[in-house]
Amino acid sequence: MKTLCGVYVGDMKDPNPETRGKVDLVDIPEPEMGPQDVRIKVAYCAICGSDPHVVGGCFGEAPGSTDPIPLGHEISGVITELGPEANHKGLKVGDRVAGNFLRFCGGCYYCQNGQQQFCENGNDYNRPGMAPEIIWHEDQVYKLPDSVSLKEGCLLEPMSIIIRMMDKSNMKAGMRVCVSGGGPIGLMALQTYKMFGATKLTLIEPIAERREIAKEFGADYCIDPINEDVRAKADEITGGLGYDVVLDASGSVHAVEPLPDIAAKCGTLIYGAQYPNDYEMPFNISKYCYFKELTITGVYVAPYAYPRALQMLTRMNLKPLTSKVFDLDDGVEAFKAQLSGKYPKILIKCNPDLE
């Protein structure tokens, strides 16, 4: 089965993704169906901002390894087969679905302790979604509402991340909110914060086109970090109070350092992207934790979020995030386009007959 995978080729510290790792169409064996499994004909698989990091070996692939690295976890598709015991969620052949690329086992220490995100068996079904089909356990699969297209449905997984971020934000109506980074997570978070009643809602983003999308999505202010002083502009917008919630969705080491300064006293600061494994940010504990009492956290994956994400997906404007599509055979070019930053989101169409 032809599948887009990462192939690890170089030194993990090499800053050039072209020489550190590459993307290629690789023939991999099809996994066997288990009794509670679901076979899905993949319609779309979106490129996540983490996928180029995976290609670069951020999860510790052995140097020199030629084993394909699974890529693609934001999928939508149509069920073509159910295992004989896959019956407790009411799924059936022909259902339009999306889902969670991880299967939380439910029995390990972390699942039993309310920390599914650290499930010790969560990679058992982590299979590449940039492929004609994928097999998941039925627990991972969710039927899409009729009003959500297959293009939009592949954004269920990033929507689950937004839900997790909202949980960590402890949002209250009227809170001042700033989002750093106008990629798909940042733009979806912006819309959701707006629904929560955020005020002084601000996006920090260097690309003008993404700032325009943010205004369409309800941003009250936009800051261009290339031509404006982020700290001074945030101070002006908030009247010196800072933002009650600051979310970084940029993953940029150039963007993250000013964020503790623009957070309000007792504010919540969420580093919600993926950063280079060896990056260590300067951080004054006395200034930010003692005198400001900031709550600082991050986001790994999204436990307990998918049922709510499925409901929220129907309320989102996803058109700007679903307009650029590459065919699976052109997946290498799709990844080059992803690295260019030209498009806020790129989808890969895995079966031409599914819309």
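Predicted model: local features only at pLDDT ≥ 70, side-chain atom pairs only at ≥ 80, totals over all residues.
**Stop 1: helix 5 against helix 11**

Select Leu156, Glu157, Met159, Ser160, Ile163 and Asp167 in helix 5. The contact residues divide into eight nonpolar, one polar and three charged.

**Stop 2**

Helix 5 packs on a sheet, in contact with strand 12 (243-248), strand 13 (263-271) and strand 14. The direction of helix 5 makes about 155° with that of strand 13.

Six strands form an open sheet in the order 11-10-9-12-13-14, and the pairing is parallel. Which strands stand at the edges? Strand 11 (221-223) and strand 14 (295-298) do. Each has a single partner strand, so one side of each lacks a neighbour in the sheet. From one strand to the next, the twist averages 15°.

Zoom in on strand 11. Strand 10 (residues 199-204) runs parallel to strand 11, and three bridges join the two. Pick Ile204 to find one partner: Ile223 in strand 11.

Next, select helix 8, residues 230-238. Helix 8 also packs on the sheet, touching strand 9 (176-180), strand 10, strand 11 and strand 12. The direction of helix 8 makes about 165° with that of strand 11.

**Stop 2: helix 12**

Move to residues 331-340, helix 12. Which residues of helix 12 are buried? Select Gly331, Ala334, Phe335, Ala337 and Gln338. Look down the axis: these residues cover an arc of only 160°, which puts them on the same side of helix 12.

Step past the end of the helix. Gly341 follows helix 12, and its phi is positive, near 75°.

**Stop 3: Pro29**

Finish at Pro29, in the loop between strand 2 (21-27) and strand 3 (37-46). Is Pro29 buried or exposed? Its relative accessible area is 70%. The cut-off for exposed is over 50%, so Pro29 is exposed.

Lys2 and Pro29 are 27 residues apart along the chain, and their C-alpha atoms are separated by 9.0 Å.

Definitions and conventions: Residues numbered from 1 in each chain as written. Heavy atoms only, no water. Contact = heavy atoms within 4.5 Å. Helix = DSSP H or I, 4+ residues; strand = E, 2+ residues; numbered from the N terminus. Nonpolar A, V, L, I, M, F, W, Y, C, P; charged D, E, K, R; others polar. Buried < 20%, exposed > 50% of the residue type's maximum accessible area, 1.4 Å probe, protein only. Arc of directions from axis to C-beta. Pairing = 2+ DSSP bridges. Axes fitted to C-alpha atoms, helices over the stretch in contact; angles between N-to-C directions.
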